[in-house]
Amino acid sequence: MKIILKGTPPSLNRFMGRENVWEYRKEKTNWTRAVIYSARANKNRPAQPYLKAMVRIDYYFSRNIRHDADNYCGKFLLDGLTKSKVIIDDDFDHISLAV
């Protein structure tokens with residue numbers, strides 16, 4: 001199953017210290033919902049959640065500058081896959097991440 005979203009989720013550095021919890025929650029909700037809606041509309045969506053899945057997240061940045069990979073962990077996206085029932089859970093018992 002393949003999901004393509006427009007834009008790039010924010011770097012976790014943007015929320016370091018989480019001084020603005022509401023901004024973090026808003027971004028998380030927006031990106032999680034984007035995955036949920038895209039997954040539900042996907043014709044290749046599984047009838048039942050995958051018990052074990054290999055998840056690969058490719059990021060495409062609009063600017064050709066250095067981006068640290070560890071700042072883009074995919075949390076918002078993996079939560080969307082779980083909530084849309086594409087995967088059972090986003091723990092390491094149920095997914096493997098491809099880098």
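Modeller: In this predicted model, helix α1 (residues 21-41) and helix α2 (residues 75-83) have axes that come within 8 Å and cross at roughly 45°. An angle of that size lies between the 35 degrees under which helices count as roughly parallel and the 65 degrees where roughly perpendicular begins, so α1 is oblique to α2. The crossing of the two helices is right-handed. On the α1 side, the residues in contact are Y24, E27, K28, W31, T32, V35, I36 and R40. They meet K75, F76, L77, D79, G80, L81 and K83 in α2. Sorted by class, this contact holds seven nonpolar, two polar and six charged residues.

Helix α2 also belongs to a right-handed β-α-β unit, together with strands β1 and β2. Strand β1 covers residues 53-56 and β2 covers residues 95-98. The two strands run parallel and are joined by four bridges. Within this pairing, R56 stands opposite A98 in β2.

Methods: Residues numbered from 1 in each chain as written. Predicted model: local features only at pLDDT ≥ 70, side-chain atom pairs only at ≥ 80, totals over all residues. Heavy atoms only, no water. Pairing = 2+ DSSP bridges. Right-handed = clockwise from strand over helix to strand, strands pointing away. Axes fitted to C-alpha atoms, helices over the stretch in contact; angles between N-to-C directions. Parallel < 35°, antiparallel > 145°, perpendicular 65-115°, else oblique. Left-handed = near helix turned anticlockwise from the far one by under 90°. Contact = heavy atoms within 4.5 Å. Nonpolar A, V, L, I, M, F, W, Y, C, P; charged D, E, K, R; others polar.
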